[in-house]
Amino acid sequence: MLAPMADVALDAPAAAAAAPPRPDFQVVPLRGLPAVAVVLVALVAAIVANKLWALEFFHVAAGGLWTSFDLFLGFVLGPILGRLGIPARVELTTRLMPKLLLIMPTLVTCTLASGWQLGRLLGTIDSSYANHGWIVASYVVVGVMAVIALAVLEPANVAVLIELKKPRPNPEVIGTLMKRFIYTAGITGAMQVTTLVIMTKVATG
Amino acid sequence: MSERALPPVTELGVASMALIVAGGISIAAKLPNDVRLTLPILFLAASSLVMAANLVALSRVEGFNWDAFFDVAKWALVAYAVIAGILEFVFVHDGVRGGVLVVLTLSLVVYAVHVPLLIGFTVARYQ
């Protein structure tokens, strides 16, 4: 996730050297936390109720948004961002990335927790299910994305934002961290497309 | 940018997370049948060892900015503890019990500790 930063990395040293005025921002936007809490409480309620519609809603809505965010940021907004002027890039980055710090983990948690419960309800996670191989493949795909997002991208995202909060951000630090987004954007995109293939196959039997 | 000699914390973190994911998949793929826990326990043990090695290696770094590390890692720990708690709730709510629940719970503990460690490290190494 957060692949749009890939293109910023290419010119990060120049960006910081130019030292454009940066809007003040919170690394974690505190105003968004109540909304996250509401969504997570609703998720827990859906799991406790174990109702098909509620679980389907959370899994499809959150999963669709997760996939859309990843593909849109990586392959649409990313290239556009790379062609913007330096002040515009920095401003967009400092406004976009903090919000993604809240949005993406929330979407991932909703998708996975409701998906597991939905699989229990429908029996699609049972090893006797006809498309069990596809389900196991989805575990692997999600696992690869989780490892990349949690161990590689999320730490880089937080570190970049904290660097950008400094009066004089170090361009080399930002450039080094941004390389992670470049290296992983293709893998994440491929995994998300694979997710679409698997989920549409499972949904249609 | 002056790079100090640092242990491969991120690389070890990736390995540890991959082992945890592999253990979780080896359990999930067998449900609802009886799950043999040998393989998941091996994955969990290996992941825990890698995490312990990561912690030890990091603790030996001279001049590491622990203030910056803990400033970030403590809040990340809160966030990932909440996420792990929700996942644990799902397991318990679904009637997962016994050895499978123990393995999954310990896997969530490794996940909820290692991710904040990686975030804290990535921030602090450049401070």
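**View 1. Packing of helix α1 against helix α4 in chain B of a predicted model.** Helix α1 (residues 9-28) of chain B and helix α4 (residues 98-124) of chain B pack at an angle of about 160 degrees with their axes 10 Å apart, where axes are lines fitted to C-alpha atoms, for helices over the stretch in contact, and angles run from 0 to 180 degrees between N-to-C directions. Helices (H or I, at least four residues) and strands (E, at least two) are DSSP runs numbered from the N terminus. The two helices α1(B) and α4(B) are therefore roughly antiparallel to each other, given that angles under 35 degrees count as roughly parallel, over 145 as roughly antiparallel, 65 to 115 as roughly perpendicular and the rest as oblique. From α1(B) the contact includes B:Gly13, B:Met17 and B:Ile20, and from α4(B) it includes B:Val103, B:Tyr111 and B:Leu118, two residues being in contact if their C-beta atoms, placed from the backbone, lie within 7 Å. By class, this contact of α1(B) with α4(B) has eleven nonpolar, eight polar and no charged residues (Ala, Val, Leu, Ile, Met, Phe, Trp, Tyr, Cys and Pro count as nonpolar, Asp, Glu, Lys and Arg as charged, and the others, Gly among them, as polar). Residues are numbered from 1 along each chain as its sequence is written, while chains are lettered from A and ligands numbered from 1 in the order in which they are written. In this predicted model, local features need pLDDT of at least 70 and side-chain atom pairs count only at pLDDT 80 or more, whereas totals for chains, interfaces and linings use all residues.

**View 2. Packing of helix α1 against helix α2 in chain B.** Helix α2 (residues 38-59) of chain B packs with α1(B) at an angle of about 165 degrees, their axes lying 8 Å apart, and that makes α1(B) roughly antiparallel to α2(B). Among the contacting residues are B:Leu12, B:Ala15 and B:Leu19 of α1(B), together with B:Phe43, B:Ser47 and B:Val50 of α2(B). The classes in the contact of α1(B) with α2(B) come to 16 nonpolar, six polar and no charged residues.

View 3. At 1.5 Å a residue, the 28 residues of helix α3 (residues 66-93) of chain B should span 40 Å, which agrees with the 38 Å between its end C-alpha atoms; the expected span is 1.5 Å times one less than the number of residues. Buried residues of α3(B) include B:Phe69, B:Tyr80 and B:Leu87 (a residue is buried if 20 or more other C-beta atoms lie within 10 Å of its own, exposed if 12 or fewer, and partly exposed in between, with C-beta atoms placed from the backbone). Just after α3(B), B:Gly95 takes a positive phi of about 85 degrees.

View 4. A:Pro155 is placed in helix α6 of chain A and counts as buried, with 27 C-beta neighbours inside 10 Å.
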